[in-house]
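The points cover one chain and the side on which it meets its partner.

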Amino acid sequence: MSNPQLVMYDEEFKQINGVIEKLLREANAKVIFLVDKNGQLISGVGETERFDTTSLASLTAGNIAATGGLAKLIGEKEFSILFHEGEKDNLHISIVGGRVILVVLFDSRSSLGLVRLRVKKASDELTAIFERLMQKAEEKEKSGESDFPFAEITDDDIDNLFS
Amino acid sequence: MSFINYASREINCKIVYYGPGLCGKTTNLQFVYQKTATEAKGKMISLATETERTLFFDFLPLALGEIRGFKTRFHLYTVPGQVFYDASRKLILKGVDGVVFVADSQEERMEANIESVENLRFNLQEQGYDLDKLPYVIQYNKRDLPNIVSVDELRRELNPTGVPDFEACAATGEGVFETLKAIAKLILLELKKGK
């Protein structure tokens, strides 16, 4: 498969949140989201309750996919950073470790320069965590060790979802 | 591919509705949206032209409930059906867990259906997927119209491998949830198998 399944464990989830919370403070941002390239929200910190995070995640992934398509048309691998400037709020979107999207929402209390600088540092840390995560998932699968909750689901379990 | 989050105990899956232009993909999502309880659904997003033709995609997040303590969420997407939006269609297939093919039952759309299925298979291949190995169901839509092709013939042309198929009228909602249930079930069974 072109894109292996993404699995998130408690330990890495905490580490990831630690990194983006630090980024939120250091970049003076309002909200930070991490989104899978397929459009699934991985985590968010800051004033997340003010936003429709699910929609934001899906549109961000669509945006990255569309610009990625543009990049390929002109012979680039991808555009790794996107910046959207609004009247009050701005979006800084970047690709981390090739498969995860980091979205930083900030206003005039911060600046594009500061955000870019801090994002770069955080990206390296996030890349390392996601690499470990992928390795871990792979090892678990190889060893056959799995606490996967769906291994024993029954038809009844599934039918109950729709009742 | 699906995203399993042990930290927040969630499983997210992506379903894509595929099919020729004006076959009723968006109508399927709209009906699901209307009939789903507020707490189970998110906002429906439609990136459409001024004449309500899908430009990039429609998106509807659904939370179906819990299985073994895990929240199961399905993200429903449609592709733009018109032939010249092929580049966009490819993008939306990224990370897909299951596909619903919505066929237009009208005689004059038969060729468009066949072309669209071929396009689906080809675009999936480009992303490294095999349609025959992916959870896949077919919906024969617009069964209420007068000039329609028989289900037998639609089956022969569009469903040679015998995947689950359903007759529907998305405008009134007939067959819409049956289709959704079938694809959700196939995806969950695939998840079970995968581990």
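1. Two strands are said to pair if DSSP finds at least two bridges between them; helices (H or I, at least four residues) and strands (E, at least two) are DSSP runs, numbered from the N terminus. Strand E1 (residues 6–8) of chain A and E1(B) run parallel and are joined by three bridges. In this pairing, A:Met8 stands opposite B:Asn5 in E1(B).

2. The model is predicted: local features need pLDDT of at least 70 and side-chain atom pairs count only at pLDDT 80 or more, while totals for chains, interfaces and linings use all residues. Residues are numbered from 1 along each chain as its sequence is written, with chains lettered from A and ligands numbered from 1 in the order in which they are written.

3. Chain B has five helices and eight strands, in the order β-β-α-β-β-β-α-β-α-β-α-β-α from the N terminus on. Of its 195 residues, 49% count as buried (20 or more other C-beta atoms within 10 Å of a residue's own, with C-beta atoms placed from the backbone).

4. The C-alpha atoms of chain B fill a box of roughly 50 × 30 × 30 Å, taken along the principal axes.

5. In the interface, 36 residues of chain B are in contact with 35 residues of chain A (C-beta atoms, placed from the backbone, within 7 Å). E4(B) supplies the largest share of the side of chain B that touches chain A, seven residues.

Notes
Two residues are in contact if their C-beta atoms, placed from the backbone, lie within 7 Å. A residue is buried if 20 or more other C-beta atoms lie within 10 Å of its own, exposed if 12 or fewer, and partly exposed in between; C-beta atoms are placed from the backbone.
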